[in-house]
Amino acid sequence: MVSFDETFRRQLHELFVWRRDVRRFRHDPLPSGAMEWLIEIACLSPSVGLSQPWRFIIIEDKARRSAVVEDFKTCNADALHSYSSERGAQYTTLKLAGLEEAPGHLAVFADKASDLGHGLGRATMPETIEYSVAAAICCMWLAARAEGIGLGWVSILNPDRIHEILEVPESWKFIGYLCVGYPQLEFDRPELERANWEHRRTSKEFTIRR
């Protein structure tokens with residue numbers, strides 16, 4: 001049986017503390033095979049019924065990348081209009097994606113039509129397919145941080161447009177678009193907290209006992 005000592009547990013906690021959603025990347029290229037290695041780590045994640053519903057697309061084509069950037073700009077402009085003038089002014093100061101700087105682009109989907117796992121655990125909660133993919137991304141996120149690699153999850157995108165740009169099956173549900181690369185700087189506090197957009201609460205505020 002594998003055991004983990006106090007030193008490892010302390011370092012693991014530090015890894016959780018220093019994991020960040022990165023938006024500011026250096027232009028340095030990633031090592032050869034880095035993206036594939038991160039995907040291998042993600043595939044170690046648990047999945048409902050061992051369905052392994054994750055589907056990864058490494059985007060290298062410049063035209064497709066440019067199309068994603070344009071979609072982000074459109075969606076970001078639409079999001080701005082949903083805020084009041086004061087909050088909107090603050091929104092315009094936020095850097096919400098590193099699409100143009102990050103050397104690595106990775107789109108992640110959930111294959112809802114896959115018969116892997118034979119439907120186990122999905123009858124009452126079919127959304128566990130998507131949850132499984134989100135868990136895989138979190139595993140990848142921590143592994144990347146341990147290697148000094150930053151990962152940024154871009155959600156200000158139109159899922160239908162991303163399907164068109166990447167030409168994926170209709171049964172695949174878009175979960176996230178990830179920017180991958182080396183961060184310009186590292187912080188132990190979220191960028192949105194440092195920008196006074198929101199602040200992180202303690203676990204007591206989200207815990208209920210029955």
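Q: How much of the protein chain is buried, and what makes a residue count as such?
A: In this predicted model, buried residues make up 41% of the 210 residues in the protein chain. The term applies to a residue with under 20% relative accessible area.

Q: Why is Ile137 called buried?
A: Its relative accessibility is 0%, and the cut-off is under 20%, so Ile137 counts as buried. Ile137 is found in helix α5. Leaving out residues up to four places away in sequence, Ile137 touches Val108, Trp153, Ile175 and Leu178.

Q: Why is α1 called roughly perpendicular to α5?
A: The axes of helix α1 (residues 6-18) and helix α5 (residues 128-146) cross at roughly 105° and come within 10 Å. Angles of 65 to 115 degrees count as roughly perpendicular, and therefore α1 is roughly perpendicular to α5.

Q: Which residues of α1 and α5 meet, and what are they by class?
A: Leu15, Phe16 and Trp18 in α1 meet Leu142, Arg145 and Ala146 in α5. By class, the contact has five nonpolar, no polar and one charged residues. Arg counts as charged.

Q: How do you know that the radius of gyration of the protein chain agrees with a compact globule?
A: A compact globule with 210 residues would have a radius of gyration near 17 Å; the protein chain has 18 Å, so the two agree. Along the principal axes, the C-alpha atoms fill a box of roughly 55 × 45 × 45 Å.

Q: What secondary structure does the protein chain have?
A: The protein chain has seven helices and four strands, in the order α-α-β-α-α-β-α-β-α-β-α along the sequence.

Definitions and conventions:
Residues numbered from 1 in each chain as written. Predicted model: local features only at pLDDT ≥ 70, side-chain atom pairs only at ≥ 80, totals over all residues. Heavy atoms only, no water. Axes fitted to C-alpha atoms, helices over the stretch in contact; angles between N-to-C directions. Helix = DSSP H or I, 4+ residues; strand = E, 2+ residues; numbered from the N terminus. Parallel < 35°, antiparallel > 145°, perpendicular 65-115°, else oblique. Contact = heavy atoms within 4.5 Å. Buried < 20%, exposed > 50% of the residue type's maximum accessible area, 1.4 Å probe, protein only. Rg over C-alpha atoms; globule rule 2.2 N^0.38 Å.
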